[in-house]
Amino acid sequence: MSAVKLPGAIQGRVPRIREGELQRQQYSTLLSVVGAGLLLVGLGCAVLIPGAGLLLAVTMMVTLTAGEILYKTTATAYVADQAPDHAQGRFQSLYAGASISGQVLAPPLGGALYTVAPALLWPACAVLAGAAAVAVLAARRLREPVPALRALEPPRIEGMRRPAPETGSHPAAPAG
């Protein structure tokens, strides 16, 4: 490694990026965006803790929307990057199912909580979103993005055709 002149006449060395380090930095950045989005969702829920009003409702919707834009799109890309080539469709389906399950379960669970303790609804939502954000931000510290996923990769056998990534099934011969 050779020394280079940096702006401001600061002498330093240009470090070589070790294999895998750039990928870890990219995953860390993606998880930072997802975590920030979840924090905004939690903040949006927390805005309604003092009560409801036009300004608070608009603030909540803007904050919640910004958070969802950040975390939903980035999390989808992260899942696609983590999935083995042969299981892209399965991983995306699993992620979509997990994502939609929140929208399916939230109304009955939120309604039940609101029936029992109306003042706890928005604090509970804020705490859950905050806990999800903390978990995602803590995941940035993992050395390997998700090592268990690499174990799912089927062994490569010479001469064996790989399944289609979209379906996991082998291509069929043309009919006729």
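**View 1. C45 is buried, with a relative accessible area of 7%.** Buried means under 20% relative accessible area, exposed over 50%, and partly exposed in between, with a 1.4 Å probe and protein chains only. The sulfur of C45 lies 4.8 Å from that of C125, its closest cysteine sulfur, which is too far for a bond. C125 is partly exposed, at 28% relative accessible area. With a disulfide taken as a pair of cysteine sulfur atoms within 2.5 Å, the count is zero.

The model is predicted: local features need pLDDT of at least 70, side-chain atom pairs count only at pLDDT 80 or more, and totals for chains, interfaces and linings use all residues. Residues are numbered from 1 along each chain as its sequence is written, and side-chain values use heavy atoms, with hydrogens and water left out.

**View 2. The largest nonpolar core holds 22 residues.** Such a core is a set of buried Ala, Val, Leu, Ile, Met, Phe, Trp, Tyr and Cys residues joined through side-chain atoms within 4.5 Å. Two or more residues each come from helix 1 (21-47), helix 2 (54-82), helix 3 (88-116) and helix 4 (121-139). Helix 1 gives the largest share, seven residues. Helices (H or I, at least four residues) and strands (E, at least two) are DSSP runs, numbered from the N terminus.

**View 3. V34 and L38 have the most contacts inside the largest nonpolar core.** Contact means heavy atoms within 4.5 Å. Apart from neighbours within four places in sequence, L38 touches Y71, A129, A132, A133 and V136.
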